[in-house]
Amino acid sequence: MSAPLKETAASGGSVPTRPSVAKTPARPGDERGEGVVLNVFSHGFLALWALLIILPLLWLVLSSFKTDAQIGGSAFGWPQNWSLDVFSRAWDKGIGDYFVNTVIVLVFSVPLTMLFGSMAAYVLARYQFWGNRFLYYFFVAGAMFPVFLALVPLFFMVKRLDMLNTYQGLILVYVAYSMPFTVFFMHAFFRTLPTAVFEAAILDGASHSRTFFQVMLPMAKPGLLSVGIFNTLGQWNQFILPTVLMQPQSGDDPERYVLTQGLIQLQQQQGYASDLPVLFAGVTIAMIPMLVVYLSFQRQVQAGLTSATLK
């Protein structure tokens, strides 16, 4: 069969081609069925994930209203006495002091983290200079560095500054700990902002600091809110850093434990006299503020995470 085809081509004739096979168009019903299956699978997975998160939290809150006998008899039973006395007992046993210490630290650490992180991210995103990429990757590398490897030198550094068991020492460490993620997140967000607004502010005679604080920073409000929530959650639940840095150095030093340390302290104080409802109440007190913060700003967090993609 190959020889006649070659002769035909050499003589200037037309070379026969294979008949084209018409593709069968996809039926609308098939696509609709695949979409339904995908939706059922995704919604089922999300429902299962929600149950895995909600049920332990619900069990924790309900256990706060039980007695030791009820918890020991049926851990999943319904409380018989709905009294708030256990929360006042937990507050009097030290949870109140731990809560105040945590709030004092976060009131300063979170705003400082947002201020310094957004300023560094803005400069790295908007200004080109020698070493720009090196500094950016230096911050990114800090986010991947395990904090456990820095505990010993960090302890001696803070001790040399005479800041062990002090609010300012823990605040500075929290700021440094949260800076890499803040710079990484805000760097990507500042790059999505329109350059025309930045150039217009410079042409109108605005200084670099005024352009940042009055023009660019308000435009980055969704990103600031999102990364602020993440930093608040991370610093509120931090355990290893305050355990190393917030230990009394002598018998005269006050205990400035934060909530994560306080809950462990509360558990150790029980000894053989078990009081599990107080422990559950303490965990509930530590958990409620973060739930309120996240549920209150849920839409803003989602908008901040998706705004860079939409732009």
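How many residues does α7 have, and how far does α7 reach from its first C-alpha to its last? α7 has 26 residues and reaches 36 Å, close to the 38 Å expected at 1.5 Å a residue (the expected span is 1.5 Å times one less than the number of residues). Helices here are DSSP runs of H or I, at least four residues, numbered from the N terminus.

This is a predicted model, where local features need pLDDT of at least 70 and side-chain atom pairs count only at pLDDT 80 or more, while totals for chains, interfaces and linings use all residues. Residues are numbered from 1 along each chain, and side-chain values use heavy atoms, leaving out hydrogens and water.

**A bend in α7**
- Look at M179 for a kink of about 40°, shortly before the proline P180 (the bend is the angle between axes fitted to the seven residues ending there and the seven starting there).

**α4 and its partners**
- Helix α4 (residues 85–126) and helix α7 (residues 167–192) cross at roughly 35°, and their axes come within 6 Å (axes are lines fitted to C-alpha atoms over the stretch in contact, with angles from 0 to 180 degrees between N-to-C directions).
- α4 also packs with helix α5 (residues 132–144), at about 140° with axes 9 Å apart.

Conventions:
Helix = DSSP H or I, 4+ residues; strand = E, 2+ residues; numbered from the N terminus.
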